[in-house]
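Please keep the sequence and the model in view while reading.

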Amino acid sequence: MDFIAGASPRQLARTAGALYLINIVAGAFAIGVVPAILVVPDVAATAHNIQTHELLYRLSLAAHVVVTVTNIPMAVIFYDILKVVNRRLALLDVFFTLVATAIEAAGLLSQFTPLVLLGSSHYTSALPAAQLHALAYLPGDLSTIDYSIYGVFYGFDFICVAYLVLKSTFLPRAIGVLLAIDALAYLADGFANMLAPGFAAHLVPWIGLPTIIAEGSLCLWLLVAGVDAGRWKEQASAAIRMRSTQVEELA
């Protein structure tokens, strides 16, 4: 927190970009790569894959924890950068991020269920194999619902960020447009999975493209260019003058 307080806007932006890169890589490994390797339609085969590649499965869970951890400092840094545009909306964005992250982190607990069921003689001896495998498979199905719920909160999060970027003078407006499309994709995917799972299945993998393009662009821009420090300071000064005027009017 001392670093955040003393860092320049460009340093903050590049720190956010580095955290974002870690977040994207860890998330792709945890949510994309490992499930594609281990999870198959057959419940018994999936249980066998998890048992055979237990370390890989555990690494995916650890990577997902890293994703949720990086979300917190990213939320603070984004607030610090974007509050000069609209302080209340930047604060609202922080709350959307933290609620989404809390839901995401809480959902990880159930992902340890296959390891407990398949690795304990208490369960393997007490339950028939077919039932054991079905119970071990269930958390994977529930993770889709979990993703839908916290994805809706991330959708509203990115609506806020998109607006703030569009209204800023120190970040490219094109990225704001991409983030707005990304937000709509999150909301469409989340509500479609909750209301019409069959329809939502047809959206994959295309529904994920806006996320890759928009968040990848934002991450790279923050890493390489950061923010236009001069324009950020101008907007910060304008925000301070506006607040001073409002205080004087109230007085």
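**Salt bridges and helix packing**

Arg-231 is partly exposed, at a relative accessible area of 46%; here buried means under 20% relative accessible area, exposed means over 50%, and partly exposed lies in between, with a 1.4 Å probe and protein chains only. The side chain of Arg-231 meets that of Asp-228 in a salt bridge, with 3.8 Å from N to O. A salt bridge is a side-chain nitrogen of Lys or Arg within 4 Å of a carboxyl oxygen of Asp or Glu. Asp-228 is likewise partly exposed, with a relative accessible area of 32%.

The model is predicted, so local features need pLDDT of at least 70 and side-chain atom pairs count only at pLDDT 80 or more, whereas totals for chains, interfaces and linings use all residues. Residues are numbered from 1 along each chain as its sequence is written, and side-chain values use heavy atoms, with hydrogens and water left out.

How many salt bridges does a search of the whole structure find? The search finds 3 salt bridges, and the pair Arg-231 and Asp-228 has been described above. Another joins the side chains of Arg-58 and Glu-54, at 2.9 Å from N to O. These two residues are 4 residues apart in helix α4 (residues 54–82), and therefore about one helical turn separates them. Arg-58 is partly exposed at 39% relative accessible area, and Glu-54 is partly exposed at 35%. Asp-80 and Lys-83 also meet through their side chains in a salt bridge, at 3.2 Å from N to O. Here Asp-80 is buried, with a relative accessible area of 18%, while Lys-83 counts as partly exposed at 22%.

The discussion now turns to the chain as a whole. The protein chain has 12 helices and 0 strands; helices (H or I, at least four residues) and strands (E, at least two) are DSSP runs, numbered from the N terminus. Taken along the principal axes, the C-alpha atoms fill a box of roughly 75 × 40 × 40 Å. Of the 251 residues in the protein chain, 41% are buried. Among contacts between residues at least 6 apart in sequence, 78% join residues at least 24 apart, where contact means heavy atoms within 4.5 Å.

The axes are lines fitted to C-alpha atoms, for helices over the stretch in contact, and the angles run from 0 to 180 degrees between N-to-C directions. Angles under 35 degrees count as roughly parallel, over 145 as roughly antiparallel, 65 to 115 as roughly perpendicular, and the rest as oblique.

Helix α2 (residues 9–38) and helix α11 (residues 209–224) have axes that come within 7 Å and cross at roughly 140 degrees. The two helices are therefore oblique to each other. Their contact is made by Ala-13, Arg-14, Ala-16, Gly-17, Ala-18, Tyr-20, Leu-21 and Ile-24 on the α2 side, and by Glu-215, Leu-218, Cys-219, Leu-222, Leu-223 and Val-224 on the α11 side. By class, this contact has 11 nonpolar, 1 polar and 2 charged residues; Ala, Val, Leu, Ile, Met, Phe, Trp, Tyr, Cys and Pro count as nonpolar, Asp, Glu, Lys and Arg as charged, and the others, Gly among them, as polar.

The contact between α2 and α4 has 25 nonpolar, 7 polar and 1 charged residues, and α2 passes α4 in a left-handed crossing.

Helix α8 (residues 129–167) and helix α9 (residues 173–195) form a further pair, with axes that come within 7 Å and cross at roughly 155 degrees. Helix α8 is thus roughly antiparallel to α9. The contact of α8 with α9 has 20 nonpolar, 7 polar and 3 charged residues, and the crossing is left-handed.

Asn-49 lies in helix α3 (residues 43–52) and counts as buried at 18% relative accessibility. Leaving aside residues up to four places away in sequence, Asn-49 touches Ile-37, Leu-38 and Val-40.

Key:
Left-handed = near helix turned anticlockwise from the far one by under 90°.
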